[in-house]
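Colleague: I am new to this one. Could you take me through the model by question and answer?

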Amino acid sequence: MALNRLERWYRPGFLCIGDAAHAMSPVFGVGINLAVQDAVATANILLSEGPSALLKVQRRRMFPTKATQLAQQVAQRRLIQPALSGSARATGLPDLAALPVVGRLVGRLLARFVGYGVRPEHVSAK
């Protein structure tokens, strides 16, 4: 599993987004979501502020990228690797998560994270 991201996503007249700016793990299958959200943020910012705002795109999208990659690392280390190594129990979920109410809450939060991401983007009506 390789997770990485560029320190600088832009140069004058050029911007990297999606996998070109940040390689994601296949964990949760959210790479395409981040790429589409990067594209929407880019369109919104560049249409309203012009090409001089490339740094603003990177600043807006860096936190969701880092947060998603951190979640992927934790899942890989605490859930996937133990399962693949034949460990009797993955170490990622505390016993508390086995309770029905907590389990449903964790499931909903995970579904929201996977479906919408850390910072959902919406096309601006401008």
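Colleague: How many helices and strands are there in the chain?
Modeller: This is a predicted model. Read along the sequence, the chain follows the pattern β-β-β-β-α-α-α. The count is therefore three helices and four strands.

Colleague: What percentage of the 126 residues in the chain is buried?
Modeller: A residue counts as buried under 20% relative accessible area. Over the 126 residues of the chain, the buried share is 31%.

Colleague: What part of the accessible surface of the chain belongs to carbon and sulfur atoms?
Modeller: The accessible surface comes to about 8,100 Å². Carbon and sulfur atoms hold 62% of that surface.

Colleague: Which elements do the buried residues of α1 pack against?
Modeller: Helix α1 has 19 residues and reaches 26 Å from its first C-alpha to its last, close to the 27 Å expected. Its buried residues include G31, L34, V40, A41 and I45. They pack against β3 (14-15), β4, α2 and α3.

Colleague: Which residue just after α1 takes a positive phi?
Modeller: The phi in question is about 90 degrees. The residue that takes it, just after α1, is G50.

Colleague: Is T65 buried or exposed?
Modeller: T65 is found in helix α2 (residues 54-84). Leaving aside neighbours within four places in sequence, T65 is in contact with R5, W9, H22, M24 and L34. Its relative accessible area is 0%, and the cut-off is under 20%, so T65 is buried.

Colleague: How many residues apart are F28 and F113?
Modeller: F28 is in the loop between β4 (22-23) and α1 (31-49), and F113 is in helix α3 (residues 100-116). The pair thus links distant parts of the chain, 85 residues apart.

Colleague: Which is F28, buried or partly exposed?
Modeller: F113, with a relative accessible area of 17%, is buried. F28 has a relative accessible area of 29%, which lies between the cut-offs of 20% and 50%, so F28 is partly exposed.

Colleague: Which residue lies over the face of Y10?
Modeller: The distance from the ring centre of Y10 is 4.5 Å. The residue over that face is R8.

Key:
Residues are numbered from 1 along each chain as its sequence is written. This is a predicted model: local features need pLDDT of at least 70, side-chain atom pairs count only at pLDDT 80 or more; totals for chains, interfaces and linings use all residues. Side-chain values use heavy atoms; hydrogens and water are left out. Helices (H or I, at least four residues) and strands (E, at least two) are DSSP runs, numbered from the N terminus. Buried means under 20% relative accessible area, exposed over 50%, partly exposed in between (1.4 Å probe, protein chains only). A charge sits over a ring if NZ of Lys or CZ of Arg is within 6 Å of the ring centre and within 35 degrees of the ring normal. Accessible areas come from the Shrake-Rupley method with a 1.4 Å probe; for residues, only the protein chains shown count as cover. Contact means heavy atoms within 4.5 Å. The expected span of a helix is 1.5 Å times one less than its number of residues.
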